[in-house]
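Subject: Structure handover

Hi,

Here is the structure I promised to pass on to you. My notes follow it, with the cut-offs spelled out along the way.

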Amino acid sequence: MKRITRADIEEMRCAGCDRSVLAEAEAWLLVCERADELIAKISAAFAGVKLGNGIGLRESDGIDGYMGTEARRQLRETDEKLDWQRIDPELLTYCNAAPSFLDAEGMRFHAPAFIVAELRGQYHVGFVDRLIDNSLGAPEFIDLLSPDQRHAIMSCISFYGSIYGLDFDPKEISNALTRYSNAGRHKN
């Protein structure tokens with residue numbers, strides 16, 4: 001998502017931008033502040049999540065590249081496994097096909113990294129879009145999520161529905177919210 005700061009608005013003001021342009025920028029600043037709240041919510045909900053036995057980011061890139069078992073094992077050795085917050089947004093962009101090749105554990109570990117990078121304007125490939133349209137390689141990762149994690153993702157989906165309303169059919173947003181709210185209910 002595009003980010004804007006108070007300094008950007010002040011620069012626009014000094015450059016003599018029209019009042020309507022400044023008002024639009026001020027409105028988008030509020031959206032960016034909401035994104036920051038969501039980043040905090042995602043960070044708290046996914047704190048401590050580890051990769052475990054899941055497929056790692058570079059490993060998924062190896063799967064995408066049809067690499068053999070040994071090459072993928074070597075890639076996995078370089079993958080972050082303990083703290084998704086240490087994953088560089090540039091690596092997420094480089095491995096942007098990962099959501100198609102991660103397993104459920106890998107998706108649970110990497111989803112917050114993709115979401116946070118996107119909300120910060122550091123990832124522009126559209127991960128939240130994939131959460132909405134359910135085009136992930138391992139949609140069953142939803143069942144691994146805690147209620148707080150599902151709620152945090154649902155907040156992001158609602159947020160995207162509100163700011164990019166013309167890009168999504170309201171039924172898509174509703175279906176995605178239902179999918180996340182109903183997940184895990186069939187478990188004991």
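What percentage of the 188 residues in the protein is buried? Buried residues make up 41% of them, where buried means under 20% relative accessible area, exposed over 50%, and partly exposed in between, with a 1.4 Å probe and protein chains only.

Before the rest, a word on provenance. This is a predicted model, so local features need pLDDT of at least 70 and side-chain atom pairs count only at pLDDT 80 or more, while totals for chains, interfaces and linings use all residues. Residues are numbered from 1 along each chain as its sequence is written, and side-chain values use heavy atoms, with hydrogens and water left out.

**The whole protein**

The secondary structure comes to ten helices and zero strands; here helices (H or I, at least four residues) and strands (E, at least two) are DSSP runs, numbered from the N terminus. Along the principal axes, the C-alpha atoms fill a box of roughly 60 × 35 × 30 Å. Taking contacts (heavy atoms within 4.5 Å) between residues at least 6 apart in sequence, 74% join residues at least 24 apart.

The protein exposes about 9900 Å², and carbon and sulfur atoms supply 51% of that; these areas come from the Shrake-Rupley method with a 1.4 Å probe, and for residues only the protein chains shown count as cover. As for charge, there are 22 positive and 30 negative side chains, and the centres of the two sets lie 5 Å apart. Lys and Arg count as positive and Asp and Glu as negative, without His and the chain ends, and each charge is placed at NZ of Lys, CZ of Arg, CG of Asp or CD of Glu.

Arg 76 sits in helix α4. A polar atom of the Arg 76 side chain lies 2.9 Å from the backbone oxygen of Gly 52.

Glu 59 belongs to helix α3 (residues 57-64). Glu 59 counts as buried because its relative accessible area is 13%.

Gln 74 and Gly 16 are 58 residues apart in sequence and 55 Å apart in space, C-alpha to C-alpha.

Best wishes

Conventions: Polar contact = N/O pair within 3.5 Å; in protein donor to acceptor, adjacent residues only side chain to side chain.
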